[in-house]
Protein chains: 2
Amino acid sequence: MKKLFNSKDRMPDDMIDGYVAAYPDIVQRGNNPRVVHRTRLRTKQDKVALLIGNGCGHEPIAMGFVGEGLLDANVVGDVFAAPSSDLILEGIEEVCGEAGAVLLISRHEGDVINGNAAALMAQDDGLDVRPLLMYDDISSAPKGQESDRRGAAGTLFIYKILGAASESGMGLDELVQLGEAVRAETRTLGAAVSPGVSPLTGELMFTLPDDEIYIGMGVHGEPGVSRRKVGPVRDLVAFMVDELLEDKPIPANTPTVVLVNGSGGTTMMELLTIYAEVNKLLASKNINAVSPMIGEFSTTQEMGGFSISLFTPDESMLQYWQAPQASPHFPQIFSPTEST
Amino acid sequence: MKKLFNSKDRMPDDMIDGYVAAYPDIVQRGNNPRVVHRTRLRTKQDKVALLIGNGCGHEPIAMGFVGEGLLDANVVGDVFAAPSSDLILEGIEEVCGEAGAVLLISRHEGDVINGNAAALMAQDDGLDVRPLLMYDDISSAPKGQESDRRGAAGTLFIYKILGAASESGMGLDELVQLGEAVRAETRTLGAAVSPGVSPLTGELMFTLPDDEIYIGMGVHGEPGVSRRKVGPVRDLVAFMVDELLEDKPIPANTPTVVLVNGSGGTTMMELLTIYAEVNKLLASKNINAVSPMIGEFSTTQEMGGFSISLFTPDESMLQYWQAPQASPHFPQIFSPTEST
């Protein structure tokens, strides 16, 4: 396996070593070495704790987003494997105070089972912990069955908005409601053009003919729902935006945040080209694209591909989205005075 | 070619379309559609203009770093091809005012020839434009022949520090001296594990046996200087850091900024692991790593690999490095109160 690692066993731990060494003022290890939390935690005083517990291998989303204005803690599982409920519980106990906690769970089976179990155990211990399921991938279950869908890159909107809201003092009930409202306004669809190599097996995660593209590939290489022939990217983007808008229509003049997320092996040139096409399509429907996010955030190793997420925030969600944050590897979000 | 593009001819233009559409408050097109400059330029008043004119295909470095506290303008060539001297001249004329301009040139033949020619033509037109050659890749020429070396990812230190210094009002002569001083304090060495696909030919940019790593690969796929067998990454990093420190020794207790730059198809897990190893090696020599930058910034399509840059700033350089900036795709730089 031609990856830059020391050993399979040490991958997550070596990664955490690098992260806490690089940003000691922002993040540090907890008592359990697989718990990463903010260096300056306020959750034992008055702040609701916001945390995730996921498998790693999708960085930066599974590692980099702890910091002021974003997450309080991150419980790091093995590669592509949810942390145990005991480990997640430890993470919760390390950071959760009187104000309670929201445990964000991207909807994948292991994460849901272990996360919910950890939340129940924490509740038994008297901690007010609410699991919040996140799902946005329209290819993984039909319209009307949204809660059966998988979590994908659009979960980032929940991270960021609850991060900003909890920072500004929002209480637990309101945060959960806000998270559900953001979830309701988010849709994502992905496409893959080339496989990544699994760090677990050293093998390509899937195969695909040279002239085909998978639509609806999952973040662990779960099979897509359909294939398309390679062609001009504008046709692919038009197809995907149509699917997204069919799933959740967006009225004209609705401010819409676009997230173009690369899967790991996709160039910024391609991602910017995709954004240009999405922006043109939305403009042709008089939908206003604002404060986009473009780059590789939720990845599947060096897989070639991308996803498009559309999110229609209300005014307060948009303010939280645009609020400053101090977390390594999360980009600055800009607020155009006039969008085009 | 399985890339996400509309057509070969339109690649740079489609990319620019996306960039200016995404961040209209930060960047806009100039009169020439291949010139991208800040939306709010101050260079026709009192600010020295800071600009680059490079081939594209290395994003984000070749596209994303225009904005307050960084570049004023970017003249975009074709993929892997320097813009013509006429095009660079147009870019200079669009932004350069009485305070003059610094044209940053990463030392590659076409960029040097066309950049220097453009600067001369601008000087003939009465504009005070200074070309500043940037070179940092220790594999491309021996010690003692530093000015024959190629530009690599460590050129980013010059972008950022001159960006902050020019923002704060530094004059042209001082800026050029500062840029030369930063260059003198920077060394970079790269390694490649797998090729990217050239957007020009649709072919892999090089081949490499399954168990080998190239040391000293250039950013356009120029051949490396040696090969190594794949092994634990700590051994590779130890070799590379030794080479860097042999080229330019760093005394104990010297604040040192580490840049771990991914080549395009390298995961954040790998880059953080590499940072962990660099940090341990420096700590073992009592060298203080501060304010690192870790991610994919200077890329060669989806090439697998990375470079390590070591930069030993003086106090004022470090302040400029850590100063806030507002450019899409450039990360926040953090200032640990206590480095480890």
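Author: A residue is called buried when its relative accessible area is under 20%, exposed when it is over 50%, and partly exposed in between (1.4 Å probe, protein chains only). This is a predicted model, in which local features need pLDDT of at least 70, side-chain atom pairs count only at pLDDT 80 or more, and totals for chains, interfaces and linings use all residues. Residues are numbered from 1 along each chain as its sequence is written, chains are lettered from A and ligands numbered from 1 in the order in which they are written, and side-chain values use heavy atoms, with hydrogens and water left out.

Reader: Why is B:Val237 called buried?

Author: Its relative accessible area is 0%, and the cut-off is under 20%. B:Val237 is therefore buried.

Reader: Where is B:Val237 found, and what is it in contact with?

Author: B:Val237 belongs to helix α6 (residues 233-247) of chain B; helices are DSSP runs of H or I with at least four residues, strands are runs of E with at least two, and both are numbered from the N terminus. Contact means heavy atoms within 4.5 Å. With neighbours within four places in sequence left aside, B:Val237 is in contact with B:Ile274, B:Glu277, B:Val278, B:Leu281 and B:Ile308.

Reader: How do you know whether B:His329 is buried or exposed?

Author: B:His329 has a relative accessible area of 16%, and under 20% counts as buried. B:His329 is therefore buried. This residue lies in the segment after α8 (315-322) of chain B.

Reader: Which residues does a cis peptide bond join in chain A?

Author: The bond joins A:Glu59 and A:Pro60, with omega about 5°. A:Pro60 is in the loop between β3 and β4 of chain A. In chain B, a cis peptide bond joins B:Glu59 and B:Pro60, with omega about 5°.

Reader: Why is helix α1 of chain A said to be largely enclosed?

Author: Of the 12 residues of α1(A), 12 are buried, so the helix is largely enclosed by the rest of the structure. The cover includes β1 (27-29), β2 (35-38), β3 (49-56) and β4 (73-79) of chain A, together with α7 (268-284) and β12 (293-295) of chain B.

Reader: How does the radius of gyration of chain A compare with that of a compact globule?

Author: The radius is taken over C-alpha atoms, and the globule rule is 2.2 Å times the number of residues to the power 0.38. For 340 residues the rule gives a value near 20 Å; chain A has 19 Å, which agrees. The C-alpha trace of chain A spans about 55 × 50 × 35 Å along its principal axes, and buried residues make up 65% of the 340 residues.
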